[in-house]
Amino acid sequence: SIDLIKYDLVIDYHRDALSYSNTVIHNGNEVAKGMFVFSKNSKHFSDSEYHSNKILGYMDNFNRGLTRDSWYYDYGINDFNSDLGDNIVLWESGNNSNNKLEIMRLNTYFASAIDQYLSNK
């Protein structure tokens, strides 16, 4: 068992299962788009949304087009692990249509945004 409380941020990392192109041109390169996913049923919904919105703010400093609108799951009992702590976010990095390089480019910006968020927390 992992003690999630000792971490400032835990990222449940995925790649979305879309069948259409999900890229944006940034600095002359194709970059995948990412998004956060939330479970409205989670007891930590507002905490997840808070962390995610802060990270999105830093992502917007690079380019507003790097992210898709967050997706809010509001049915069933699925909490996407967000029920395990108040420091958990679920991130979808690109989708099935993106190649490795497009996702790696996105992850560079995502990692920088996380670094900025945690450094200013």
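Predicted model: local features only at pLDDT ≥ 70, side-chain atom pairs only at ≥ 80, totals over all residues.

How many bridges join strand β4 to strand β6, and do they run parallel or antiparallel? I found four bridges between β4 (residues 34-39) and β6 (residues 88-95), and the two strands run antiparallel.

Residues are numbered from 1 along each chain as its sequence is written, and side-chain values use heavy atoms, with hydrogens and water left out.

**Entry: the sheet.** I traced an open sheet of four strands in the order β1-β6-β4-β5, with mixed pairing. β1 (10-16) and β5 (71-73) stand at the edges with a single partner strand each, so one side of each has no neighbour in the sheet. From one strand to the next, the twist averages 30°. Helices (H or I, at least four residues) and strands (E, at least two) are DSSP runs, numbered from the N terminus.

**Entry: the helices.** I looked up helix α1 (residues 45-62) and saw that it lies across β4, β5 and β6, running at about 170° to β4. Helix α2 (residues 100-119) packs on the sheet too, touching β1, β4 and β6, and its direction makes about 155° with that of β6. Contact here means heavy atoms within 4.5 Å. Axes are lines fitted to C-alpha atoms, for helices over the stretch in contact, and angles run from 0 to 180 degrees between N-to-C directions.

**Entry: a histidine in a loop.** Is His-44 buried or exposed? I found His-44 in the loop between β4 and α1, and it is buried because its relative accessible area is 17% (buried means under 20%, exposed over 50%, partly exposed in between, with a 1.4 Å probe and protein chains only). Leaving aside residues up to four places away in sequence, His-44 touches Ser-82, Asp-83, Gly-85 and Asp-86.

**Entry: the rings.** I searched the whole structure and got seven aromatic pairs. Rings of Phe, Tyr and Trp (its six-membered ring) pair if their centres lie within 6.5 Å; planes under 30 degrees apart count as stacked, over 60 as edge-to-face and the rest as tilted. The rings of Phe-38 and Tyr-72 are stacked, because their centres are 4.9 Å apart and their planes are at 25°. Phe-38 sits in β4 and Tyr-72 in β5, 34 residues apart. Phe-38 is buried at 2% relative accessible area, whereas Tyr-72 is partly exposed at 30%. I also noted a cluster in which ring pairs link Phe-36, Trp-91 and Phe-110.

**Entry: the salt bridge.** How many salt bridges does a search of the whole structure find? I got one (a side-chain nitrogen of Lys or Arg within 4 Å of a carboxyl oxygen of Asp or Glu). Asp-16 pairs with Arg-68, and the closest N and O atoms are 3.0 Å apart. Asp-16 belongs to β1 and Arg-68 to the loop between α1 and β5, 52 residues apart. Asp-16 is buried at 13%, and Arg-68 is buried at 19%.

Definitions and conventions: Pairing = 2+ DSSP bridges.
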